[in-house]
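Morning, everyone. Let me put the model up, and then I'll walk you through it.

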Amino acid sequence: MPAQFECFQDGCNFMVRADSDEEVVHLVQEHAQFVHDISLDSDTIESEIEQT
Ligand SMILES: [Zn+2]
């Protein structure tokens with residue numbers, strides 16, 4: 001099932017879509033680490049994922 005995530009950090013308009021929650025979680029964790037220098041746990045990300 002396609003999943004979508006929009007970054008909730010101020011001033012960031014990163015958005016990702018992928019075919020599975022797992023893929024979105026992985027991409028968002030990389031984004032958060034590289035761009036915001038934070039590590040998000042998968043539960044936090046999953047709670048923000050929108051199914052599309
Ligand atoms: Zn971001």
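I'll go from the strands to the loop and end with the charged surface.

Ground rules first. This is a predicted model, where local features need pLDDT of at least 70, side-chain atom pairs count only at pLDDT 80 or more, and totals for chains, interfaces and linings use all residues. Residues are numbered from 1 along each chain as its sequence is written, and side-chain values use heavy atoms, with hydrogens and water left out.

Start with Gln4. It sits in strand 1, residues 3-6. Helices here are DSSP runs of H or I, at least four residues, and strands are runs of E, at least two, numbered from the N terminus. Is Gln4 buried or exposed? It is buried, because its relative accessible area is 11%. The cut-offs: buried is under 20%, exposed is over 50%, and partly exposed is in between, with a 1.4 Å probe and protein chains only.

What does Gln4 touch, beyond residues up to four places away in sequence? Met15, Val16, Arg17, Glu48, Ile49, Glu50 and Thr52. Contact means heavy atoms within 4.5 Å.

Take Glu50 from that list. Glu50 belongs to strand 3, residues 50-51. At 39% relative accessible area, Glu50 is partly exposed. With residues up to four places away set aside, Glu50 touches Pro2, Ala3, Gln4 and Glu6. Glu50 and Arg17 are 33 residues apart in sequence, yet their C-alpha atoms are 9.4 Å apart.

Now the loop between helix 1 and helix 2. Asp37 is in it. Phi of Asp37 is near 55 degrees, a positive value, and this is not a glycine. Asp37 is exposed, because its relative accessibility is 63%.

Ile38 is in that loop too. At 28%, Ile38 counts as partly exposed. Neighbours within four places aside, Ile38 contacts Gln9, Ala32 and Gln33. Its C-alpha is 15 Å from that of Phe14, 24 residues away along the chain.

Asp41 is also in the loop between helix 1 and helix 2. It is partly exposed, at 47%.

That brings us to charge. Which residues form the negative surface patch? Asp19, Glu22, Glu23, Asp41, Asp43 and Glu46. Patch residues have over 30% relative accessible area and no salt bridge, and like charges are joined within 9 Å. A salt bridge is a Lys or Arg side-chain nitrogen within 4 Å of an Asp or Glu carboxyl oxygen. Helix 1 (21-36) and helix 2 (42-48) each supply at least two residues of the patch.

How values were computed: Patches are made of residues with over 30% relative accessible area and no salt bridge: like charges are joined within 9 Å, nonpolar side chains (Val, Leu, Ile, Met, Phe, Trp, Tyr) within 5 Å. Accessible areas come from the Shrake-Rupley method with a 1.4 Å probe; for residues, only the protein chains shown count as cover. Lys and Arg count as positive and Asp and Glu as negative; His and the chain ends are not counted. The place of a charge is taken as NZ of Lys, CZ of Arg, CG of Asp or CD of Glu.
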